[in-house]
Amino acid sequence: TKVMRDSLGSLATWLAPLALGPKSYGELENAMKMALVQGLYEAKDIHKVAGKYVGKVTNLERKNCVALQRMPPDEFENLLHPIFQEDEWILVLLGGVLGVIV
């Protein structure tokens, strides 16, 4: 399987079932999968490290910046509108109150 191939390499993945036997190989494979899941569970902050790495490698921040600068105003508004939609009534009310004061 992919986990075994990535861990052991193609040749070892082919030879291991012959050397260990199908049952032992299956047990080894399951043990490796469980160790991988346990390791990911214990690495609680890995998403922060992975996020920084992916951002650095893909230059994601710069690409997003360029894409947002090129975006037409109406598309930019449609992008932001769902963010403020929940509190839109408050913004309208405050705008009205400030308008009356001014």
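Val-97 sits in helix H7, which covers residues 88-101; helices here are DSSP runs of H or I with at least four residues, and strands are E runs of at least two, numbered from the N terminus. This is a predicted model, where local features need pLDDT of at least 70, side-chain atom pairs count only at pLDDT 80 or more, and totals for chains, interfaces and linings use all residues. Residues are numbered from 1 along each chain as its sequence is written, and side-chain values use heavy atoms, with hydrogens and water left out.

**Fold and dimensions**
- The protein has seven helices and zero strands.
- Its radius of gyration (over C-alpha atoms) is 26 Å, well over the 13 Å from the globule rule for 102 residues, so the protein is more spread out than a compact globule.
- That rule is 2.2 Å times the number of residues to the power 0.38.
- Along the principal axes, the C-alpha atoms fill a box of roughly 85 × 30 × 20 Å.

- Val-97 is partly exposed, at 41% relative accessible area.

**Charges**
- There are 11 positive (Lys and Arg) and 12 negative (Asp and Glu) side chains.
- His and the chain ends are not counted.

Key:
Buried < 20%, exposed > 50% of the residue type's maximum accessible area, 1.4 Å probe, protein only. Charge placed at Lys NZ, Arg CZ, Asp CG, Glu CD.
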